[in-house]
Amino acid sequence: MIQPDQPRPASRITEDYSFEASTKDLPALAAAAPRILPASTVSIPYLASEDDDVRLAAARAVRGLGFEPMPHLSARRIASLGQLRSFVERAADEARVERCLVIAGDPSTPIGPFSDSASLIETGVFERAGITVIGVGGHPEGHSAMSLAEQWEVLARKCRSIEMRGMAPLIFTQFVFDADIVLRWLEALRERGIEHPVRVGVPGPASLAVLARYAALCGVSACASMWSKYGISIGKLLGTAGPDLFVDRLAAGLTPAHGKVSLHFFPFGGIAQSVKWIEQYRARAEPPRFTNTSMA
């Protein structure tokens with residue numbers, strides 16, 4: 001008897017995904033919206049060159065396209081508790097925001113009272129405004145400012161604080177080029193009893209020069225061996241590279257013990273290119289269809 005087709009691991013991992021989209025990406029996001037899964041989460045980065053009104057307009061635009069806006073809040077760039085409260089309350093009221101992602105931010109010295117993302121969570125502003133999900137960062141390649149033990153302790157403490165306030169933690173990782181690093185990090189995460197969903201950062205298709213530039217900006221390792229695992233030959237540095245091998249390896253390595261894992265795309269080469277890649281990858285990953293032609 002022919003069994004019903006079962007989705008392959010690579011197909012399952014693309015059943016749910018999210019995007020990062022800045023204000024400048026919104027026209028491209030609008031153009032690609034009909035091809036993106038409805039109600040997908042779109043995270044909106046906190047850019048120093050933009051003010052809160054611009055960020056709120058972006059959240060409203062994302063909501064208007066039928067997606068879940070998830071604005072970032074950069075702790076060290078927020079001047080006061082009042083500014084934080086105003087932004088979160090307006091986001092919830094004007095764009096029906098239910099998800100926020102909190103980060104420490106790049107400045108070494110905060111301009112206000114918040115030195116890290118934990119201090120934002122502890123204000124109580126989010127749950128009082130009706131926020132239900134708080135995103136926090138995960139670092140498969142480590143964090144330059146913390147030891148490995150400190151990283152795990154801080155992540156666990158933030159997740160506990162979010163849960164204690166009646167919200168759900170959601171872990172976003174920085175993108176990396178080696179899926180094995182991510183798989184080992186996920187194993188360590190679950191071994192420490194942190195069972196919250198993880199969205200693994202994935203670079204969308206882009207030129208190799210662009211990928212290298214973003215890797216340098218974000219402190220992501222990009223040595224020759226990692227380029228090779230990502231499917232890039234050092235002897236052939238022209239053209240565009242997509243995350244096919246990375247996602248293949250990640251999907252093949254995932255087990256139920258890794259918990260809920262999905263993909264978060266950084267569309268370095270543009271929203272349209274990332275959406276096209278997802279469509280093509282999902283089509284390739286779908287299982288073949290069989291017809292039972294046996295006679296009764």
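Rings of Phe, Tyr and Trp, the last by its six-membered ring, pair if their centres lie within 6.5 Å; planes under 30 degrees apart count as stacked. The legends below describe close-up views of a predicted model.

**Figure 1. Aromatic pairing of Phe266 and Phe268.** By the rule above, the model holds 10 aromatic pairs. In one of them, the ring centres of Phe266 and Phe268 are 5.8 Å apart and the planes meet at 20°, so this pair is stacked. Phe266 is buried, with a relative accessibility of 11%. Phe268 is likewise assigned as buried, at a relative accessible area of 17%.

**Figure 2. The stacked rings of Trp277 and Tyr281.** The rings of Trp277 and Tyr281 have centres 4.7 Å apart and planes at 20°, so they too form a stacked pair. Trp277 and Tyr281 lie 4 residues apart in helix 12 (residues 271–285), a separation of about one helical turn. An α-helix has 3.6 residues a turn, so residues three or four places apart point the same way. Both Trp277 and Tyr281 are buried. Ring pairs also join Trp277 and Tyr281 with Tyr17, Phe19 and Phe265 in a cluster.

**Figure 3. Helix 3 and its buried face.** Helix 3 comprises 13 residues, 52–64, and reaches 18 Å from its first C-alpha to its last, close to the 18 Å expected at 1.5 Å a residue. Its buried residues are Asp52, Arg55, Leu56, Ala58, Ala59, Val62 and Arg63. Viewed down the axis of helix 3, these buried residues fall within an arc of 155°, so they line one face of the helix. The elements covering the buried residues of helix 3 include helix 2 (26–32), strand 2 (41–44), strand 3 (68–74) and helix 4 (81–95).

Figure 4. At the N-terminal end, helix 3 is capped by Asp51, a side-chain oxygen of which lies 3.2 Å from the backbone nitrogen of Asp53. Helix 3 is followed by Gly66, which has a positive phi, near 90°. Arg55, one of the buried residues of helix 3, places its charged end over the ring of Tyr46, 3.5 Å from the ring centre.

**Figure 5. The setting of Pro203 in strand 7.** Pro203 belongs to strand 7 (residues 198–203). With a relative accessible area of 0%, Pro203 is buried. Pro203 and Val176 are separated by 27 residues in sequence, and their C-alpha atoms are 8.1 Å apart in space.

Note on methods
Residues are numbered from 1 along each chain as its sequence is written. This is a predicted model: local features need pLDDT of at least 70, side-chain atom pairs count only at pLDDT 80 or more; totals for chains, interfaces and linings use all residues. Side-chain values use heavy atoms; hydrogens and water are left out. Helices (H or I, at least four residues) and strands (E, at least two) are DSSP runs, numbered from the N terminus. Buried means under 20% relative accessible area, exposed over 50%, partly exposed in between (1.4 Å probe, protein chains only). The expected span of a helix is 1.5 Å times one less than its number of residues. The arc is that of the directions from the helix axis to the C-beta atoms. Contact means heavy atoms within 4.5 Å. A polar contact is a pair of N or O atoms within 3.5 Å; within protein, one must be able to donate a hydrogen and the other to accept it, and residues adjacent in sequence count only if both atoms are side-chain atoms. Rings of Phe, Tyr and Trp (its six-membered ring) pair if their centres lie within 6.5 Å; planes under 30 degrees apart count as stacked, over 60 as edge-to-face and the rest as tilted. A charge sits over a ring if NZ of Lys or CZ of Arg is within 6 Å of the ring centre and within 35 degrees of the ring normal.
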